[in-house]
Amino acid sequence: MSEKPQTPRSFQAIILALQNYWAQHGCAILQPYDMEVGAGTFHPATTLRSLGSQPWAAAYVQPSRRPTDGRYGENPNRLQHYYQYQVLIKPSPPNLQELYLGSLEAIGINMDLHDIRFVEDDWESPTLGAWGLGWEVWCDGMEVSQFTYFQQVGGHDCAPVSGELTYGLERLAMYVLGVDHVMDMPFNDPDALIPLTYRDVFKQTEEEYARWNFDTANTEVLLRQFEEAEAHCKVILEQPATDPKTGKRIIMAHPAYDQCIKASHMFNLLDARGVISVTERQAYIGRVRALSKMCADAFVQTRAGGWSEDAA
Amino acid sequence: MPDLLIELFSEEIPARMQTRAAEDLKKLVTNGLVEAGLTYGSAAAFSTPRRLTLAVGDMLAASPRTVEERKGPKADAPEKAIEGFLRGAGLTRDQLEERDTPKGKILFAKIEKPGRAASEIVAEVLEQSIRNFPWPKSMRWGSGSLRWVRPLHSILCIMSAEDGAEVVALDVDGITSGDETRGHRFLAPEAIKVTSFEDYAAKLKRAFVVLSAEERAETIWNDAINIAFANGLEVVEDTGLLAEVAGLVEYPVVLMGQIADDFLGLPPEVLQTSMKEHQKFFSVRNPKTGQIERFITVANRTTADNGATILAGNEKVLSARLADAKFFWENDLRTATSNEGMSAWVKSLENVTFHNKLGTQAELIERMALLSADLAPMVGADADEAARAARLAKADLSSEMVYEFPELQGLMGSYYAKAAGESDAVAAAAKEHYAPLGPSDDVPTAAVSVAVALAEKIDKLTGFWAIDEKPTGSKDPFALRRAALGVIRILVENDISLRMDRFIDAQLVRNKGQSNGDLKTDLIRDLVEEIAEHGVFGAAFKTVKERLAEGEYNDAFKELGEQVPDKSVDLLGFLHDRLKVYLRDQGVRHDIIDACIAMEGNDDLTLLVKRARALSETLSTDDGENLIQGFKRANNILTQAEAADGVEYSYGADIKFAEVDEEKALFAALDKAEAAIAPAMAAQDFITAMSAMAALRGPIDAFFDAVQVNSDNGTVRRNRLNLLSRIRTTCSSVADLTRIDG
């Protein structure tokens, strides 16, 4: 069907190869969610869509932020802002492992020369009230993806079960391209008229955000924003299902979930500022989890979440 | 007789679950078969990352016919009752037999069960086994409801005999059984048809699957030591890692790689931990220098380039990992050797909660330091040095390396303390103060380490006792049982005699002060000082209380006075319980320990153990065992007489009222024993004391044989009771023998 893939020469070529591959295999290619999230899983296309009975297949790049991982762009592997590639298919197809291995071939990993392994790694997100079983996938000893069968999200059992694949794009690309420092990685084609490296694109922002995340972010503001988002989320979900203006049933699961995402990010920022003690940490995580559960409860009352007039 | 072959083929099973799962499959299926009447000759289970396999040899081809007789209601019972019985038996009325019995005419049913074909039974049993499989964690997938450890793809189930093989048909949630399996995921992914276990094992071998986990482990280990040996090196043994790695591959290929020179200066433990935890590599060391110089990784395949690409990839990943470790190591060393030094780390522990009722890690460290100084003179350590060691022992919890590798806590602290110019004793205490972690872990022996290790555990115990978070049943979230066993082993194995009471009391007070904001710091300090002064809590508390001004004697302080003695007794009881377990494992009987715990000074655990061991040894002799009988007889007679007479016969036995020789001999024996026992006990020489006690056996037995204690002569009787009392007193000075069983 497809020709032997060309070995990619840039970060973006790898992303494009993944996009093409999963488009060919029936996924809707979505765009990144327009909010700060800690991982691709937070995109509502994964979190919310893994709930309920409706079939789903989506793939997308998600910029992700982990403020505590910032190293001013100096560490060869660590970034406070990086990209994840995320695939979610519900119900998980029986050949998901083979599909996944195909995607590695598509980005130029020769299956005859490498050692690919599925190593137990159960996934749990305490902030999302979610867990699943699966593996981290190793290529020659390096973790290149996370492979998970979702069992529960937002406190709800997943039925049918979604299969989720998460690729850490920078790490994977560095490996495929043979680059030792992320900043040295070609972002576009090295022979392009204006060749750009990852450094050209992100070194400065890594510095700026590292300084802000660690030392400058105003913790009082962050704390207030956390609490506002938390309160806002609850208020949104307290609204009656029927919209008084249109008379339609409109449960605002997504707007509420946006506030949950916001609260989660504020928590991550507070954490990076080092103002959250170990015991407080648990309490904050519990508060975000409570929000994500409420959003999940709301989502399963919507059509996309499997609700139908007939069943109600 | 046919053989049965089952294979459950799935996506990758976690390595740690495979061996157990294979055994569970064997147990579930063979138990099910036997229960249904299918006996078999042999059974063997195997596991690889993608399959569980069971081979059953020489199974019956069908279950035997059975006849069961069932007793029913009386023949004249109500119609309903008879109908019910018929339904249950699956028979009609005319098939029942009436029998005359002493209770009248009773109906009997004879239920014949024809034998069933093995295939039918196997299908049922296997389906049940799959549905009820005891995975530690299982999951659903796709749209199905079946649970398995990871998605189950196929079921191979065949019965084979000389005339060929047949598939045992079954269907579990849409997965139908067949006679096919698959080889290695990458090297031989095609379907393979098999006809028997031998055929299956041989074909899998050709398809790059080594079925036996032991064989894989053996291959890995042999290849690893050979390749290391060929390079003049040796592999660091790690059986846990070996078993895990054997569960990650179907076709192991051992490769040895280089560690870049930049990283060879890292502490060997860091190299080893990083390589093991992150990469599941074996460490390879130079036997001459002890340095770790290379690693062994185990690939799951052969390649056209003989693993060159795989090895290069692994080396690169390792370099990235070790670059992190080196970064942490260098940063940490910089901090440790800076002006502020490790105390900067301790300071940052002020922000780390230990427990919401017991304060921060920094506060815990301070309590531990105070107790370490208190304990130091008792264990031969310098108080200042012990306190210094305690203050630095947990500093590495703030280090970057320990954040990354929590299992290196203590050890890193020891490296950093050395780098910071601390004494060897202080550095060693950082590493050793957590010990012993398990029952077979070594206990610290250096004095400073002993003081800090004891303080660490006693503080933990008293802290959780102070806030009523004792272990209950199987719940012991703070590992307090382990801490208690640690205290016992450190004391006993170092032969340290130490009265625990006052240290427990003082540390309870400190922890109470921590957990209750209404207790003023200086008050707590005063009280602890007074405890050290008086050696007992009650007097210390009274002294402090009397010094208090009007109104300072608040509820919190009052409560403290009430609670500490109870909690202290309770905690000592907990230590005694742990001690019983510890000694029972060494063959000392429960009742013997009880007999010793009942004695004064039982808060000195080392002394207690010596006493118990001596008593145990004494009681294992013929004299000792019989002495107990004599002692109990004396004690019973005496107790009964005292109850009847309402007096205590406690002294005044006089040899001049002795009537027979045996009685006189007992007087003499008691004189001799008492003379020997008292100084021996004072010198804590239990062996001597107890053998002197055991020597009483002969005279006591002779006495009872010759003499009737309850003589008609009141004076003689009284004298004899008082003599018995001497036996009781003498023996009881050694241990409370009334608690000995039998």
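**A tour of chains A and B**

Begin by selecting chain A and chain B together in this predicted model, where 44 residues of chain B are in contact with 42 residues of chain A. The size of an interface is often given as the accessible area lost when the parts come together. For chain B and chain A this buried area is about 3,500 Å², with 51% of it on carbon and sulfur atoms.

Next, select B:Arg140, B:Arg150 and B:Phe186, which are the residues of chain B that lose the most area to chain A and which together make up 17% of what that side buries.

Staying between the two chains, turn to the charged pairs, for the count between chain B and chain A is six salt bridges. One to display is the salt bridge of A:Glu98 with B:Arg185, in which the closest N and O atoms are 3.3 Å apart.

The crossing of α24(B) and α25(B) is left-handed.

To see what makes the contact, show the side chains of B:Ala673, B:Ala676, B:Ile677, B:Ala680 and B:Met681 on α24(B), and then those of B:Phe686, B:Thr688, B:Ala689, B:Ala692 and B:Met693 on α25(B). If you colour the residues of this contact between α24(B) and α25(B) by kind, you will find nine nonpolar, one polar and no charged.

Key:
Residues are numbered from 1 along each chain as its sequence is written. Chains are lettered from A and ligands numbered from 1 in the order in which they are written. This is a predicted model: local features need pLDDT of at least 70, side-chain atom pairs count only at pLDDT 80 or more; totals for chains, interfaces and linings use all residues. Side-chain values use heavy atoms; hydrogens and water are left out. A crossing is left-handed if the near helix is turned anticlockwise from the far one by less than a right angle, and right-handed if clockwise. Helices (H or I, at least four residues) and strands (E, at least two) are DSSP runs, numbered from the N terminus. Contact means heavy atoms within 4.5 Å. Ala, Val, Leu, Ile, Met, Phe, Trp, Tyr, Cys and Pro count as nonpolar, Asp, Glu, Lys and Arg as charged, and the others, Gly among them, as polar. Buried area is the accessible area (1.4 Å probe) that two parts lose on being put together, summed over both. A salt bridge is a side-chain nitrogen of Lys or Arg within 4 Å of a carboxyl oxygen of Asp or Glu.
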